[in-house]
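Please read them with the coordinates open beside you.

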Amino acid sequence: MLYSVNGLIGFSVSASNGYIGKVVGFYFDDVDWEVVYLIVDIGAWLPGGKVILSNKALERLEFADRIFAVTLSKEVIDNSLSVNQNKPLSRGVKV
């Protein structure tokens, strides 16, 4: 199903062991225009900003409840790549 990404901003993100934050943006593949990464603000759970989560970590989208469920634990997400939204993300970055 297709959704407008603007409508997905603000969705909660639930790790395998609890709430971690809210979606604040997306990175797209510039060739296929598919969402490749979610940008998640984890400031409410872990002070310090935002992390990038791969679309491969998505388990399901609960549209009615506005939740992205991911297969990762809070500990794994804590060690994820942090985001500097002022710099471009290139294919050379390993996530």
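The numbered points below go from the model as a whole to the sheet, and then to individual side chains.

1. Confidence. This is a predicted model, and its average pLDDT is 82, with 78% of the residues scoring at least 70. Confidence is lowest in helix 1, residues 74-78, where the mean is 86, and highest in strand 6, where the mean is 96.

2. Overall make-up. The protein contains 1 helix and 6 strands, and along the sequence these follow the pattern β-β-β-β-β-β-α. Of its 95 residues, 29% count as buried, while the accessible surface comes to about 6,100 Å², with 52% of that area belonging to carbon and sulfur atoms. Among contacts with a separation of 6 or more, 47% are made by residues 24 or more positions apart.

3. In what order do the strands of the open sheet lie? The order is 4-3-2-1-6-5, the sheet has 6 strands, and the pairing is mixed. Strand 4 (50-54) and strand 5 are the edge strands, since each of them pairs on one side only. On average, neighbouring strands of this sheet are turned by 35 degrees against each other, when direction is ignored.

4. The hairpin of strands 1 and 2. Strand 1 pairs with strand 2 (residues 18-28) in the antiparallel sense, over 4 bridges, and the two form a hairpin with 2 residues between them.

5. The hairpin of strands 2 and 3. Strand 2 also runs antiparallel to strand 3 (residues 35-41), to which it is joined by 6 bridges; here lysine 22 stands opposite aspartate 41 in strand 3. This second hairpin has 6 residues between its strands, and in its turn tryptophan 33 has a positive phi of about 55 degrees.

6. Aromatic pairs. How many aromatic pairs does a search of the whole structure find? The search finds 3, and one of them joins phenylalanine 11 to phenylalanine 63 in a tilted arrangement, at 5.7 Å centre to centre and with 50 degrees between the planes. Phenylalanine 11 lies in the segment before strand 1 (12-15), whereas phenylalanine 63 lies in the loop between strand 5 (58-62) and strand 6 (67-70), so the pair ties together parts that are 52 residues apart in sequence. Phenylalanine 11 counts as buried, because its relative accessibility is 1%, while phenylalanine 63, at 41%, is partly exposed. Ring pairs link Phe11, Phe63 and Phe68 into a cluster.

7. Phenylalanine 28 and tryptophan 33 form another tilted aromatic pair, with 5.7 Å from centre to centre and 50 degrees between the planes. Is tryptophan 33 buried or exposed? Tryptophan 33 counts as exposed, at 63% relative accessibility, and phenylalanine 28 counts as partly exposed, at 34%.

8. Isoleucine 9. This residue lies in the segment before strand 1 and counts as partly exposed, with a relative accessibility of 33%. Leaving aside residues up to four places away in sequence, isoleucine 9 touches Val23, Val24, Gly25, Phe26 and Arg66. Isoleucine 9 and leucine 38 are 29 residues apart in sequence, and their C-alpha atoms are 9.8 Å apart in space.

9. Serine 73. Which residues does serine 73 touch, if those up to four places away in sequence are not counted? They are Ala15, Ser16 and Asn17. Serine 73 is found in the loop between strand 6 and helix 1, and it counts as buried because its relative accessibility of 17% falls under the 20% cut-off.

Terms used: Residues numbered from 1 in each chain as written. Predicted model: local features only at pLDDT ≥ 70, side-chain atom pairs only at ≥ 80, totals over all residues. Heavy atoms only, no water. Phe/Tyr/Trp six-rings, centres within 6.5 Å; stacked < 30°, edge-to-face > 60°. Buried < 20%, exposed > 50% of the residue type's maximum accessible area, 1.4 Å probe, protein only. Contact = heavy atoms within 4.5 Å. Areas by Shrake-Rupley, 256 points an atom, 1.4 Å probe, with all protein chains shown as cover. Pairing = 2+ DSSP bridges. pLDDT = per-residue confidence, 0-100. Axes fitted to C-alpha atoms, helices over the stretch in contact; angles between N-to-C directions.
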